[in-house]
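I opened the model and kept notes as I went.

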Amino acid sequence: MISPADNLVGGGGRTQARVRGLRAGRAVSAHLCRHCGAPLAGEAAVAAGFCCAGCGYVYRLVHERGLEGYYRLRDAVVAPADAVVFQPRDYGWLEELQAAAEREPGTPELTLEVQGISCAGCVWLIEKVFHQQPGALDIETSAQLGRMRLRWRRGAFAAPAFARALQSLNYLAGPPGEEPAVPESRLLVRRVGLCAAFAMNVMLFTLPAYFGMEATFAYARLFGVLALVFATLSVLVGGSYFLGRALRALREGVMHIDLPIAVGIAGAYAGSLGGWLAGREEFVYFDFVAAFILLMLVGRWAQVAAVEGNRRRLLTVRARPDKVRLVEAGGAGRDVAVAQLRAGDRFTVRSGQVVPVEALLESAAATLGTAWISGEADPRDCRAGARVAAGSVNLGRDPIRLRAAQRWADSLLAKLLQPAGRGAYRHRFLERVVTGYLAGIFLVAAGAGAGWWLATHDAVRTWSVVTAVLVVSCPCAIGLAFPLAEEVATVALRRAGVFVRESDLWPRLARIRRIVFDKTGTLTLETPVLLNGDALAALDRGARAALLALVRDNPHPVSQSLAERLLAAGGAPGGEEPAGAVTEVPGCGLVLADRGVRWSLGRPGWRGGDAAAPAAGGEGDAEFACQGTVLARFRFADAVRTGAREEIARLGARGFSIWILSGDRRAKVERMAAALGLPAARARAECTPEEKAAWLRETDRQDTLMLGDGANDSLAFDAAFARGTPVIHRGVLEGKADFYYLGRGLGGLATLFAVDAVRRRTHRWLLAFSIAYNLLAVGLAVAGRMNPLLAAILMPASSLATLALVAAGMRPALRPGGPGLNSAGMELSGEKEGALRKVGRE
């Protein structure tokens, strides 16, 4: 969907051009990512043509499947590919939904949510992928609701395969959840359409009077009646939106932006009605009323549509652990919801699934990830009898068996996933502006009315002056231009990979003085980075295929890192894969037996045997072997997000206090702080989720922005004044975040504050213009020099002027590369890269 702000400045959604030169003291890349359109920086990214491995992988898949037409339809800049395109994902819930749909009579159909739709190209791509699936019949995709309805031939279609195909292209399918309410933007569009028709009809029946129609003309009175009727309809359909919201704001004691709009509508309509009843056509402003309502509705629709567009990119069904397999007496099993778990119950957890409650491990061994729940990046190898924390992830290929130590209701994970409401933040500055505006207008109107009554004792004339004051004191800057400037800012951020979810983010940003980062997954990437890529490149084609078979669909971070590199380099799909089965030796590694050849990937010194203890002499972090002969030794490190040190330095230079709040080990957090140039006193380590939230409640003075990615940050999000996340596929924090940002770097944060600075400066321009305009227009009205024709000229002229101010003021935010270049592809210097690569290596 093309936003109105796309066409206001810069010429539309496809005007992103390749530019050269310097803007705002920073070099603007002349190269764009071939998939997402983001600027590229660094020789490696420019040479590859992609800002990240995910974009390169998706670009290759699109062309391999013959869907390159997507790039002719998509917007100029779309979200970069998320790491989820490489990660295994459980679609057992979708198998159940499909089975239930096929048990119903008639053609099976299913409605699903889909995450990641941003333009018409996305809709085209999703529907093309669907029709490539065996048994597919038809699909209806709603970009506005983020939903799709599928119909297929019974027994011939695999919904999970379709979902995985979408996932590989950066779209996530999810359960349908509740039937969505009609979006506010759609309701506003209806009002806009009706009010546009009413306004044109009022103009049609008003213009003859401006062009000299005499009052004695046969249809003059009829034209006046029709103008009244259509103006009244405009008030009922469009004006009621602002009048109702203004009344609710008054009841809540809030000076809302809709109050001056409501006053303008009510005053202009009441005054015009009085003039019409008195037969004084020179005091009738019905055309103004209809046009003013239309303009205010357009401004409000633009603001609402921008935020709704960012919200609907996400799935609405929030994260909750999948059903677990309850092991009953005698060994039989059945699937139960986690809410039914009781202490003492035995259950199994599949590969990649979350352990929902604290439990004791009954399997012989297991590899568990706790980064999501504790912030500790390194996987843990556990033996039978070990206590497993709620929220741990099974990183092995096989299911593990556990015995519950608590109910789901008592689980830490249940507490972290509990939704927490938060009231909208009151924009105090805007409330002061509204209060001053209303007080000034009412005082001027009352004073002018008193003066004219004392001077003329003409009630109609006095009423006309009061009406003229209320009519021409047009709050276009507040009602139209302020929301439009925010909508333009939202569009500019979306082009930089930052998506605003809550409209009250803007007043919150003005108060931010401190930025708090979680470490694992927020300052670092989700998966460790392979340091010696040459070892992977040296493998022959057969060895790479075997390695991909070992690591693909394995949730272990090392496997995910290797799978990402292999897939991005051109391995599968479409290529020949080994046919053997992959088995796991818990705590040691993975084994693939293919046509009599034994491949293994595991701990240093382990060569694929059955012994629990690895042999001596291993090197690196993982070894890849064939028939016991080592082919490659791989080294990994937790990688800081691209350009993190530079971006944090820029944020510090803007006056922000930067902190790290992590659950990871103290030594790793302190090394991270040193590598980023932060003092050790601003790095807090080994914090539980409750301790993070308590620290924020104690120190936040409504000036703190919290940035996190995992369930362990959920309570801290509830306590923070503002919150954002770089990860949107886990279904935890994105529903609580005020904004989310995509890509491998932190450049979106600098862009967020830079665009906000442009927006606030534009607002100041608009306020200055509004004051100057009102001094002129209200002065004419008080002097008795105002008439409907002059008002009909001034109102659109002032509206056009405010739009021009928005266009000029917000242009730096919309032009390519400015005001803050997204550093998704920025490379570090060798010295800094080396320092950051060492962070987290143990």
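**Helix crossing.** I looked up how α5 passes α7 and found a right-handed crossing. The model is a predicted one, so I keep that in mind for every entry. I noted the ranges: α5 covers residues 92-103 and α7 covers residues 159-168. Their axes lie 8 Å apart, and the packing angle is about 140°.

**Helix α9.** I asked where α9 bends. The bend is at glycine 239 and amounts to about 55°. The helix spans residues 220-251. I also checked the stretch just after α9, where glycine 253 has a positive phi of about 75°.

**Sheet order.** Next I traced an open sheet of 6 strands. Its order reads β8-β7-β9-β15-β10-β13, and the pairing is antiparallel. Which strands stand at the edges? I found β8 (333-336) and β13 (387-388) there. Each has a single partner strand, so one side of each lacks a neighbour in the sheet.

**Strand β7 against β8.** I counted 4 bridges between β7 (residues 324-327) and β8, running antiparallel. Leucine 326 has arginine 334 of β8 as its bridge partner.

**Strand β15.** I then went to β15, residues 400-404. β9 (residues 346-349) pairs with β15 in the antiparallel sense, over 4 bridges. β10 (residues 359-361) also pairs antiparallel with β15, over 3 bridges. Leucine 402 turned up in both pairings: it is the bridge partner of phenylalanine 347, and leucine 361 stands opposite it.

I looked at the side chains of β15 too. In a regular strand they alternate between the two faces of the sheet. Here Ile400, Leu402 and Ala404 point to one face and are buried.

**Cysteines.** How many disulfides does the structure hold? I found 0. Cysteine 52 is in no disulfide, and the nearest cysteine sulfur, that of cysteine 55, is 3.7 Å away. The cut-off is 2.5 Å between sulfur atoms. Cysteine 52 has 11% relative accessibility, so it counts as buried.

Cysteine 119 is buried, with a relative accessible area of 1%.

Technical notes: Residues are numbered from 1 along each chain as its sequence is written. This is a predicted model: local features need pLDDT of at least 70, side-chain atom pairs count only at pLDDT 80 or more; totals for chains, interfaces and linings use all residues. Side-chain values use heavy atoms; hydrogens and water are left out. Buried means under 20% relative accessible area, exposed over 50%, partly exposed in between (1.4 Å probe, protein chains only). Helices (H or I, at least four residues) and strands (E, at least two) are DSSP runs, numbered from the N terminus. Two strands pair if DSSP finds at least two bridges between them. The bend at a residue is the angle between axes fitted to the seven residues ending there and the seven starting there. Axes are lines fitted to C-alpha atoms, for helices over the stretch in contact, and angles run from 0 to 180 degrees between N-to-C directions. A crossing is left-handed if the near helix is turned anticlockwise from the far one by less than a right angle, and right-handed if clockwise.
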